[in-house]
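User: I want to check the labels on this model against their cut-offs. Take me through them one at a time.

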Amino acid sequence: DDLNIDSANDIGANIVDGDLFIIDDGADGTNRKTAASRLKTYIGDHTPTFLAYQNGAVTINSASATLINLQTEAHDSDGKFASSRFTPTVAGTYFVSGAVAFFDTDMDVATAFIYFNGAARSKGTFGSSGGIKPVEISRHVSGTFVMDTDDYVELYGYAESSNDGTIAIGHNSTSYQSYLTAFRLA
């Protein structure tokens, strides 16, 4: 019947769904308990979410949009990322972000695309008009997508080089250089 928290100890652990909170129901002085799991209905649940990246360097052909092979998952909350493709199976609005790291000594154009249902939707581009020839450049791309249960997104890279016809796409062990990530906003 009585609630005494003046000298109570801190929980000392992460809050889990089964923990209880005391709330003033309707701000009228009526105290009630609620499970921590109910906060998800108030705050919102931003799953499914994932982060996948390329593990190791590969090459792509110059002047050809190429699916980036993202073989390693840093996390995948609901198992919705597979074969370099995210299919949420939960309708909603998603924030999607990615990057492609290009390595070449004679690159004129470098572009990262987010493909939505097989077609380019968002892009981030670097273009050189004969002056700058970077050895390494990373192109970032992001967008907000309204997705049905069977829609999907993928990361593509495109670059033009007069060097040898191929461009290296890389990843090093200290950072995710070529990656795709997403989470549900609403």
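User: Which residues make the nonpolar surface patch?

Analyst: L39, Y42 and I43 make it, with an area of about 390 Å². Patch residues have over 30% relative accessible area and no salt bridge; nonpolar side chains (Val, Leu, Ile, Met, Phe, Trp, Tyr) are joined within 5 Å, like charges within 9 Å. Areas come from the Shrake-Rupley method with a 1.4 Å probe, and for residues only the protein chains shown count as cover. This is a predicted model: local features need pLDDT of at least 70, side-chain atom pairs count only at pLDDT 80 or more, and totals for chains, interfaces and linings use all residues. Residues are numbered from 1 along each chain as its sequence is written, and side-chain values use heavy atoms, with hydrogens and water left out.

User: Why is Y42 called exposed?

Analyst: Its relative accessible area is 74%. Exposed means over 50%, buried under 20%, and partly exposed in between (1.4 Å probe, protein chains only). So Y42 is exposed. Y42 sits in helix α1, residues 39–43. Helices (H or I, at least four residues) and strands (E, at least two) are DSSP runs, numbered from the N terminus.

User: What makes L155 buried?

Analyst: L155 has a relative accessible area of 0%, so it is buried. L155 lies in strand β13. L155 touches residues that include L67, G98, F113, V141 and L180. Contact here means heavy atoms within 4.5 Å. The C-alpha atoms of L155 and I114 are separated by 4.9 Å, though the two are 41 residues apart along the chain.

User: Why is strand β9 described as largely enclosed?

Analyst: Nine of its twelve residues (92–103) are buried, so the rest of the structure largely encloses β9.

User: How do you know which strands pair with β9?

Analyst: Two strands pair if DSSP finds at least two bridges between them. β9 has twelve bridges to β12 (residues 136–147), six to β15 (residues 179–184) and two to β14 (residues 166–169). Each pairing is antiparallel. V96 is bridged to G143 in β12 and to A182 in β15. F102 has I169 as its partner in β14.

User: What makes a set of residues a nonpolar core?

Analyst: The members are buried Ala, Val, Leu, Ile, Met, Phe, Trp, Tyr and Cys residues, joined through side-chain atoms within 4.5 Å. The largest such core has 28 residues, and V96 and F102 have the most contacts inside it. Strand β10 (107–116) is among those that each supply at least two residues. The largest share, five residues, comes from β10. A second, separate core has five residues, including V109 and Y156.

User: How many salt bridges does the search of the whole structure find?

Analyst: Two. A salt bridge needs a side-chain nitrogen of Lys or Arg within 4 Å of a carboxyl oxygen of Asp or Glu. R32 and D25 meet at 2.7 Å, N to O. R85 and E154 meet at 3.2 Å, N to O. The R85–E154 pair links distant parts of the chain: R85 is in strand β8 (residues 85–86) and E154 in β13, 69 residues apart.

User: Which label does E154 get, buried or exposed?

Analyst: E154 has a relative accessible area of 5%, so it is buried. R85 is at 31%, so it is partly exposed.

Methods. Lists of a residue's contacts leave out its neighbours within four places in sequence.
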